[in-house]
Structure formats: C-alpha cells, structure tokens
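Reader: Please take me closely through one part of this fold, the packing of its helices and strands, in one connected account.

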Amino acid sequence: MKRIAVCPGSFDPITYGHIDIIKRAAKVFDQIKVVVMHNSSKHPLFTPEERMDLIKEVTKDIPNVQVDTSSGLLMDYAKSVNANAIIRGLRAVSDFEYEMQITSMNRVLEENIETFFIMTNNQYSFLSSSIVKEVAKYHGNVSSLVPPYVELALNEKYAK
C-alpha cells in the first residue's frame, strides 16, 4: 500500500519553513500532495493558481511531491486521493493548541486518516507567510525567507 500524505495550507506564499516540512515529509511518505486550501477567513495576496505555480516551481526537485488545490473539507480531499496521513508543521507551542483542535475535528470526520506533526527547524520557528508579506510589502529583504522565484513574485505583486 502506498503511503500518501496530504500537506495542506494556504501557502500565501510558500516559505522556506513550508519547504523544510515538505522535504522532510517526502523522505517518510511515498507521495506528498501539497494542497492549496481555500480559507474564506483569509484574504490572500496570490490566487490559488499563482500559489500552485510557486509551489510547483520550488518543489520541482522533489520527485514524490504533487501540487493541487481544494475548496472543500480537508478530509474529503484526503479521502478523494486515498491519503492515509495529514502532515502539519508546528512552529511553537502556540501552534499546537490550534492544530490539536483541527486534528480532533478531522478524527471525527475520518478516523482512518492519521495526522503527523513535524516540528519546524529552529531557524524557521518565527517564519510565517504573513511576516514575509509584511516585509515584502515595504520592500524589505526576504531572500532568506523564501526562494528567489517566490521573492520575484512578491516583488512583482508589491510593485503594482
């Protein structure tokens, strides 16, 4: 049986922290589905298609990663791709409480899909897409936070 994991997020934009989690999960699972989720409570800078393009570009050297998008429930998507695991990255203790609530709800929806938490590397513990966007908006240097392709996309968005 193939070990398929879904790595969900808004990825607006993808950061080195996200990439670190994806690479580490790709060593454990046969296939990683990085799925851009639509979150109605967020107002994204990039369209889902743009986010997918960014993710595809920066993960193209990880052969067992595929990129997709979904606007429904995560567990419905996971079932539709025959996933047996969800990957969630944790930066700090504050992330754990929120993630535990989501995981508990997901277990109610689908008890046969496990959630695996991967602790971020310390160098990325402060990093979030929101922080990256804030710095980029004011033309700060984000080269240590995102790959060059993503930095270029941010610069283009904020040049308008």
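Author: Contact here means heavy atoms within 4.5 Å, and helices (H or I, at least four residues) and strands (E, at least two) are DSSP runs, numbered from the N terminus. The model is predicted, so that local features need pLDDT of at least 70 and side-chain atom pairs count only at pLDDT 80 or more, while totals for chains, interfaces and linings use all residues. Residues are numbered from 1 along each chain as its sequence is written, and side-chain values use heavy atoms, with hydrogens and water left out.

In α2 (residues 48–58) and α6 (residues 148–159), which pack with their axes 9 Å apart at an angle of about 155° (between N-to-C directions, on a scale from 0 to 180 degrees, with axes fitted to C-alpha atoms, for helices over the stretch in contact), the former is therefore roughly antiparallel to the latter, the term for angles over 145 degrees. Across this contact, Glu50, Asp53, Leu54, Glu57 and Val58 of α2 meet Tyr149, Val150, Ala153 and Lys157 of α6. By class, five of these residues are nonpolar (Ala, Val, Leu, Ile, Met, Phe, Trp, Tyr, Cys or Pro), four are charged (Asp, Glu, Lys or Arg) and none is polar (the others, Gly among them).

Turning to the strands, five of them form an open sheet with parallel pairing in the order β3-β2-β1-β4-β5, where two strands pair if DSSP finds at least two bridges between them. Its edge strands, each pairing on one side only, are β3 (65–70) and β5 (114–119). Helix α1 (residues 16–26) packs on the sheet, touching β1 (4–9), β2 (31–37), β3, β4 and β5, and its direction makes about 125° with that of β5.

How values were computed
Parallel < 35°, antiparallel > 145°, perpendicular 65-115°, else oblique.
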